[in-house]
Amino acid sequence: MQSLRKLYKIGHGPSSSHTMGPGFAAEFVKNKHQNATHYVVTLYNSLALTGKGHLTDAIIEQTLKPKPVTFKFNVDVKQHPNYFVFEVFDHDTLLDTISVRSIGGGDILFDKEENHIEMVYPHQSFDEIKAYCLANNINLYQYVKVFEGVSIDDFLGEIWQQLQSTVEKGLKTEGVLPGDLKVQRKAKTLMDRAKATETEAQKQNRLVSAYAFAASEENGSGGIIVTAPTCGASGVLPAVLYYMKHHQGISDQKIIESLAVAGIIGNVIKTNATISGAVGGCQAEVGSACSMTAAAHAYLSELEIEQIEYAAEIAMEHHLGLTCDPIDGYVQIPCIERNAVAGIRAINASGLSGFLSDTRKISFDMIVHTMYQTGLDMHPKYKETAEAGMAYFYKQKK
């Protein structure tokens, strides 16, 4: 498996596969061909259908400035869902054709260029990781430090600082998110609507939801977020961790350790399945984020490795089959609310695992495999195309 540095990335929303990945690819193309006069970029499949709502063309154009870019949009089911091609020109001469796949979480793979993929961890499955931890009498955080080195704490500290900054900016910002849907920001409203009669459980739900809305609304507006593991699912993990720090008294160091634990869960999913909504539907994005968050919460609750695994399994199991069908292609409806619901579900999964881990029948590896197969079987129109949601939305507007 790759380093956690390849899982957690800081950058602009609203989509890791549609914004971050294409932005990184455009930067590569620009540096490789500094004498180019213009570019033609063809976006395929999910990028063609929801690219404008996700700002794909905008980030590519911005990155390639001041050289002009012409965009083409195409659907070809033989290609990867997030496939795109750069044609590089020097006046009328075609200098190069560079084809790329954006595979989720901001990661890209070039078809012909060299892909630098460094494997840090010798294990691929959670079963292998668990066996190593038990044999060496270490926990998951210590496992990460064995293979990443002590400097991983500094990296995860930076990630934690950005997660907090994203939530805090979202809590202070009001107004309408960019795009045709005119979605009103709700994070501050949730913070302000405390009721004198609310129970502790209601208060927890409201606050976790507010923090998830805050981070997700920042993502939806193109703000700076952390892929956890993707942009579209970037509100789940910070919501719960922010709550644990400010309302449960958890230290920054313990939260950094929980980010390592969450990262291992995300890495297992990314390695053995997918974190791309275009490939696996929203189960691969919010489902993965919920699993990561449940594992982090279980670690902060001082649960054992078997219980942490069970928490992650429960969280993913109850997202199986979840479609990725954003209205009008924007990472707003239902994405923002879905992050909030997943944050609450992650806490519940962690709590349930503490009681029932000795009764479970399904491994985390099994549920990851099941999620991947479910995603492959899912009809393409329900995987980040916005087709179904758009049709109903505009029918209601008429």
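Is H18 buried or exposed? In this predicted model, the relative accessible area of H18 is 0%, so the residue is buried. The cut-off behind that reading is under 20% relative accessible area.

H18 belongs to helix α1, which covers residues 16-32. Its surroundings are drawn from several parts of the chain: with neighbours up to four places away in sequence set aside, H18 is in contact with S46, L47, T50, G51, H54, T56, I59, N82 and E384. One of these partners, T50, also forms a polar contact with H18, side chain to side chain, at 3.2 Å.

Helix α1 also contains M20. With a relative accessibility of 5%, M20 counts as buried. Apart from residues up to four places away in sequence, M20 touches K9, I10, G11, H12, S15, G106, I225, T227 and C231. K381 stands 361 residues from M20 in sequence, and the two C-alpha atoms are 23 Å apart in space.

Because its relative accessibility is 37%, L49 counts as partly exposed. Together with V75 and V77, L49 makes a nonpolar surface patch of about 300 Å². Membership of such a patch requires over 30% relative accessible area.

A polar atom of the E148 side chain lies 2.8 Å from the backbone nitrogen of L4. L4 is also among the residues in contact with E148 once neighbours within four places are left aside; the others are S3, R5, V120 and Y121. Between Y121 and E148 there are 27 residues of separation in sequence and 8.2 Å in space, taken from C-alpha to C-alpha.

What pLDDT does the protein average? The average is 93, and 96% of the residues score at least 70. Over residues 389-394, however, the pLDDT is below 50, and in the model this stretch has 7 contacts beyond near neighbours in sequence.

Note on methods
Residues are numbered from 1 along each chain as its sequence is written. This is a predicted model: local features need pLDDT of at least 70, side-chain atom pairs count only at pLDDT 80 or more; totals for chains, interfaces and linings use all residues. Side-chain values use heavy atoms; hydrogens and water are left out. Patches are made of residues with over 30% relative accessible area and no salt bridge: like charges are joined within 9 Å, nonpolar side chains (Val, Leu, Ile, Met, Phe, Trp, Tyr) within 5 Å. Accessible areas come from the Shrake-Rupley method with a 1.4 Å probe; for residues, only the protein chains shown count as cover. A salt bridge is a side-chain nitrogen of Lys or Arg within 4 Å of a carboxyl oxygen of Asp or Glu. Buried means under 20% relative accessible area, exposed over 50%, partly exposed in between (1.4 Å probe, protein chains only). Helices (H or I, at least four residues) and strands (E, at least two) are DSSP runs, numbered from the N terminus. A polar contact is a pair of N or O atoms within 3.5 Å; within protein, one must be able to donate a hydrogen and the other to accept it, and residues adjacent in sequence count only if both atoms are side-chain atoms. Contact means heavy atoms within 4.5 Å. pLDDT is the predictor's confidence in each residue, from 0 to 100.
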